[in-house]
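The following questions and answers examine selected side chains and their surroundings.

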Amino acid sequence: MNLFDNQNYYSKETFDKIDYNDQQELFLRIRAWLPTVSEEERYDKQKYKKIIIKRLEQICAYACAGHIPSQDYMGYIYKRGFGDIIPINYKRSLEWNIIAARNGSKLAPQKMKAFMDPAIIMIMNSERWGQIVKYNDLNLSNYFWFLSQYVCENLYVDLELDPAEMAKKDLIEEDTNERKARILFDRFRDRSVSLAIQRLVDQLPEDMPEVENSDDILNDKKDDVDDDGDININIEDI
């Protein structure tokens, strides 16, 4: 698949510039490729299982090498599982989603929206939120993934995430418990928010004027958002 060979999908600087719909298309191509086999292979259970395991290993290897669509997929497959081949593992799913979001994925923050929402709200309630919006040209279409990336960069460091090391570790049954995983990650997330706010504030020009009515500033820019903007995307299928 040329998808895995494209160097643009290994660079945060490049991938961050790809819009949501195109990123989603890359993810969907991987999801469609995984189970696509001939009719003969599908009815041979042992052969089918070997094919799926080999493809999952390939995707994981690319994800470990920095291929961001593959990192997106790893976050997805550990949340959904795949029959008796790969078990659900909420901890590993969140880890991969954090890695993908940190590297410029716009899908990953949406896939862990319930986890990221409290962090985004805390940033929006910060004292200089209006200036952050204006300086970074944020609007309803981009603010969520933009802010999530800052939080996930801190989480990546704080959790000491290393894709290659993660791939070597055995999956443990305890990590299938979503509630326990959330409690652990919530603690790290809340600690990362203050660092994200500080980084955003440090980037602001010293002479930048205060912004009035910061609570409404995103809504004031709603005309810049297309009707099919990111905020309306149904994430259930990915």
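Q: Leaving aside neighbours within four places in sequence, with which residues is Glu 153 in contact?
A: This is a predicted model, in which local features need pLDDT of at least 70, side-chain atom pairs count only at pLDDT 80 or more, and totals for chains, interfaces and linings use all residues. Residues are numbered from 1 along each chain as its sequence is written, and side-chain values use heavy atoms, with hydrogens and water left out. Contact means heavy atoms within 4.5 Å. Beyond its neighbours within four places in sequence, Glu 153 is in contact with Lys 12, Arg 102 and Arg 199.

Q: Is Glu 153 buried or exposed?
A: Buried means under 20% relative accessible area, exposed over 50%, and partly exposed in between (1.4 Å probe, protein chains only). Glu 153 has 16% relative accessibility, so Glu 153 counts as buried.

Q: What is the geometry of the pair formed by the rings of Phe 4 and Trp 33?
A: Rings of Phe, Tyr and Trp (its six-membered ring) pair if their centres lie within 6.5 Å; planes under 30 degrees apart count as stacked, over 60 as edge-to-face and the rest as tilted. For Phe 4 and Trp 33 the centres are 5.8 Å apart and the planes are at 70 degrees, so the pair is edge-to-face.

Q: Which residues form one aromatic cluster with Phe 4?
A: Phe 4 is buried, with a relative accessible area of 4%, whereas Trp 33 is partly exposed at 21%. The aromatic cluster that holds Phe 4 also includes Trp 33 and Tyr 62.
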